Amino acid sequence: MLLTGQKQDGSVLTVRLKTMAVAKPATIGRGDEADITIDDPRSSRIHAAIRYWDDIFVIRDMNSSNGTFLNGEQVDVAKLNPGDVIKIGDTELTASAEASGKDVTMSG
């Protein structure tokens, strides 16, 4: 699964999530400890996590201050499909099935 979005500085963020049977979640947030770092003041340090589980990608809000939105709806846990738009703070990430970009290792 490929996530793409625009960073605050105008550059493009591209991240490819790998599918692995045993995987640790890929975290998204503004903190240095996040696997996918976004420079958004409305994002929590660890805002959300994406995990590959049972042949699907699942996004989970990690008790963030401002919530995680999928296609305009606030979610706690939801299946992530190609074409979905994740909104964290003011940052939008679009999911697609294309395979390119920076790998985030999701092995545990």
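Two salt bridges turn up in this predicted model. One pairs Asp35 with Lys24, and the closest N and O atoms sit 3.1 Å apart. As for solvent, Asp35 comes out as partly exposed, at a relative accessible area of 25%. Lys24 is partly exposed too, at 34% relative accessibility.

The other bridge joins the side chains of Asp90 and Arg42, again with an N to O distance of 3.1 Å. Here the partners are 48 residues apart, and they also link distant parts of the chain. Asp90 sits in the loop between strand 10 (85-88) and strand 11 (91-96), and Arg42 in the loop between strand 4 and strand 5 (48-53). Arg42 has a relative accessible area of 38%, so it counts as partly exposed.

Turning to the backbone, Asp55 shows a positive phi of about 70 degrees, even though it is not a glycine. This residue is in the loop between strand 5 and strand 6 (56-61). Its relative accessible area is 63%, which means Asp55 is exposed. Asn63 is another non-glycine residue with a positive phi, in this case near 55 degrees. Its place is the loop between strand 6 and strand 7 (68-70). With a relative accessible area of 75%, Asn63 is likewise exposed.

Key
Residues are numbered from 1 along each chain as its sequence is written. This is a predicted model: local features need pLDDT of at least 70, side-chain atom pairs count only at pLDDT 80 or more; totals for chains, interfaces and linings use all residues. Side-chain values use heavy atoms; hydrogens and water are left out. A salt bridge is a side-chain nitrogen of Lys or Arg within 4 Å of a carboxyl oxygen of Asp or Glu. Buried means under 20% relative accessible area, exposed over 50%, partly exposed in between (1.4 Å probe, protein chains only). Helices (H or I, at least four residues) and strands (E, at least two) are DSSP runs, numbered from the N terminus.
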